[in-house]
Amino acid sequence: IENGIDLSGWVKKRDCILPGNRKNKKLVYIGRFAEMKNIVSLLKADIPEGLDVVFIGGNRGSSPELQDMVIEHSRARGDVYYAGSEYGQEKIDMLMAADAVIVPSTHEPFGIVALEALASKSILLSSFVGGMGDFLNEDVAINCGITPETISAGLNKFMALNGSDINERIKGGLEICKKYSWKTQSEKLDNVYNFILEKKNVSKSN
């Protein structure tokens, strides 16, 4: 039984301006700064001209070394920005202000951020590892892999998308979110309980 998402909650409440050159497209990384999240490969990737990479996250569950690395890059470079941590409606507003969200993880049990990216109507770049490969497809998400080279290629592919490509991917992403509604997930849980209870009753009767 996977995680779910409530699409009705993904409504922008305020216009949010992400840091960076206002003329540039915005790619967001959001989450913990942990080794499995593959921060280092993302920082080593070649960022195309016209793209700003915005890191959203705090020290909750993060590696201080990786968080410091992100902050140092944001100070030294003109294409990387650190926006601190955001939760609740603020997080929703920031993701909905993004053009794309990247999840380049080397390991993910499910990948709730990938589902949230689809709900925010952003283009998703994903490594497709672990649970993300169970619900994503390349008609919806760009496979960015886990190396600096494959991430660079994924960023270039994103920048080359035209309006029709973007709209089709967003539409497909929302359809995936509908399949992972909390109603659907609760029905799965209900089926598990009913199955176990039926098995238990059969055993008692025997």
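**Inside the fold: cores, salt bridges and cysteines**

Let's start in the middle. The largest nonpolar core has 32 residues, and V28, L115, L124, F135 and L136 touch the most other members. Keep in mind that this is a predicted model.

Who builds this core? At least two residues each come from β1 (25-30), β2 (51-56), α3 (88-97), β4 (100-103), α4, α5 (132-135) and α7 (163-179). Helix α4 gives the largest share, 6 residues. As a general point, nonpolar side chains in soluble globular proteins tend to be buried together.

Take L124. Leaving out neighbours within four places in sequence, L124 contacts V101, V103, A114, A117, L118, L136, A141 and I142. There is another core, too. That core lies apart, has 26 residues, and includes L51, F55, V70 and I123.

Next, A117. This residue sits in helix α4, which covers residues 112-119. A117 counts as buried, because its relative accessibility is 0%. Beyond four places in sequence, A117 touches V101, S122 and L124. Now look across to I92. A117 and I92 are 25 residues apart in sequence, and their C-alpha atoms are 9.5 Å apart.

That brings us to helix α3. Which of its residues are buried? K91, I92, D93, M94 and L95 are. And what covers them? The cover includes β1, β2, β4 and α4.

Stay with D93 for a moment. D93 belongs to helix α3. Its relative accessible area is 2%, so D93 is buried. Leaving aside residues up to four places away, D93 touches V11, K12, K13, R14 and C16.

On to charges. How many salt bridges are there? The count is 7. I'll show three of them.

One joins E116 and K91, with N and O 3.0 Å apart. E116 is in helix α4 and K91 is in helix α3, so this pair ties together parts that are 25 residues apart in sequence. Both E116 and K91 are buried.

Another joins K26 and D52, at 2.6 Å from N to O. Here K26 is in strand β1 and D52 is in strand β2, so distant parts of the chain are linked, 26 residues apart. Buried or exposed? K26 is buried, at 7% relative accessible area. D52 is buried as well, at 1%.

D15 is exposed, with a relative accessible area of 64%. K12 is partly exposed, at 44%.

Now the cysteines. A quick reminder: a disulfide is a covalent bond between the sulfur atoms of two cysteines. How many disulfides does this model have? The count is 0. C16 is in no disulfide, and the nearest cysteine sulfur, in C177, is 20 Å away. C16 is buried, at 17% relative accessible area.

Last stop, the surface. V192, F195 and I196 make a nonpolar patch of about 280 Å². Where is F195? F195 is in helix α8, residues 182-205.

To recap: 32 residues in the largest nonpolar core, 7 salt bridges, and 0 disulfides.

Terms used: Residues numbered from 1 in each chain as written. Predicted model: local features only at pLDDT ≥ 70, side-chain atom pairs only at ≥ 80, totals over all residues. Heavy atoms only, no water. Disulfide = S-S within 2.5 Å. Buried < 20%, exposed > 50% of the residue type's maximum accessible area, 1.4 Å probe, protein only. Patch = residues over 30% accessible without salt bridge, like charges linked within 9 Å, V, L, I, M, F, W, Y side chains within 5 Å. Areas by Shrake-Rupley, 256 points an atom, 1.4 Å probe, with all protein chains shown as cover. Salt bridge = Lys/Arg side-chain N within 4 Å of Asp/Glu carboxyl O. Helix = DSSP H or I, 4+ residues; strand = E, 2+ residues; numbered from the N terminus. Contact = heavy atoms within 4.5 Å. Core = buried A, V, L, I, M, F, W, Y, C linked by side-chain atoms within 4.5 Å.
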